[in-house]
Amino acid sequence: MLEQRIQQQFFDSADLKYQTAEALSRPIAEACGALVGAITSGGKLMIGGGGAASALALHFAQRLVAGYERERPPLPAMVLGADAEQLILALGHPGDVLFWIEPADGDGRMARAAIAAAHDKDMTVAGLSAGTGAAAAAVAAQLAETDVKVAIPHTRGGRALELQLLVLHCLCDAIDLQLMGEQEP
């Protein structure tokens, strides 16, 4: 019984990834474009996350700085903590990008404050959100036309975080491809 339940977790995860691959590929590519645009024009990436997604933010920033699956120079990325709004106001510049990760069970308060601060500094925002509730809608409503939104249409927190991690790995791979070209076998 327990083994079947564990196997079902794998099947459910794989099903969600398969079901969302086509819908998420364009927004992920757009987010990659915003991130690469900032990097190649001398800007930096300021990465934050609410709740459980703060660990994803740290992971993403580390992969950008230390490398993902290939060797390359470090990229200008920093992780934001609980003081995200103040760090953005202190260190953000036009041409920088705020990349915010909001979990399915997040309340969106930190996200809204960080997005407002980024807009005050004429920064682009790329948001990776999950869920379909009022918090996700409030965060999405705050994004400008020039911002990028990657929305995970799933409300189960753990499953949404798994998909958010996959999105981050897709972004790491796409950024490396854009900056360094195809990897030789």
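Me: How many cavities of 30 Å³ or more does a search of the whole structure find?

Reply: One. The model is predicted, so local features need pLDDT of at least 70, side-chain atom pairs count only at pLDDT 80 or more, and totals for chains, interfaces and linings use all residues. Residues are numbered from 1 along each chain as its sequence is written, and side-chain values use heavy atoms, with hydrogens and water left out.

Me: Why is this called a cavity?

Reply: Because a cavity is a set of points, on a 1 Å grid over the protein atoms alone, where a 1.4 Å probe fits but cannot get out. The largest cavity has a volume of about 70 Å³, a volume being the space filled by probe spheres set on the points.

Me: What makes a residue part of the lining?

Reply: An atom within 4 Å of a point. Among the lining residues are Trp 100, Glu 102, Leu 128 and Lys 149. β3, β4 and α5 (134-142) each give two or more residues to this lining.

Me: What makes Phe 99 a contact of Leu 35?

Reply: Contact means heavy atoms within 4.5 Å. Phe 99 touches Leu 35, and also residues including Phe 60 and Leu 171.

Notes
1 Å grid on protein atoms, 1.4 Å probe; cavity = no way out; pocket = protein on both sides within 12 Å on 5 of 7 lines; lining within 4 Å. Helix = DSSP H or I, 4+ residues; strand = E, 2+ residues; numbered from the N terminus. Lists of a residue's contacts leave out its neighbours within four places in sequence.
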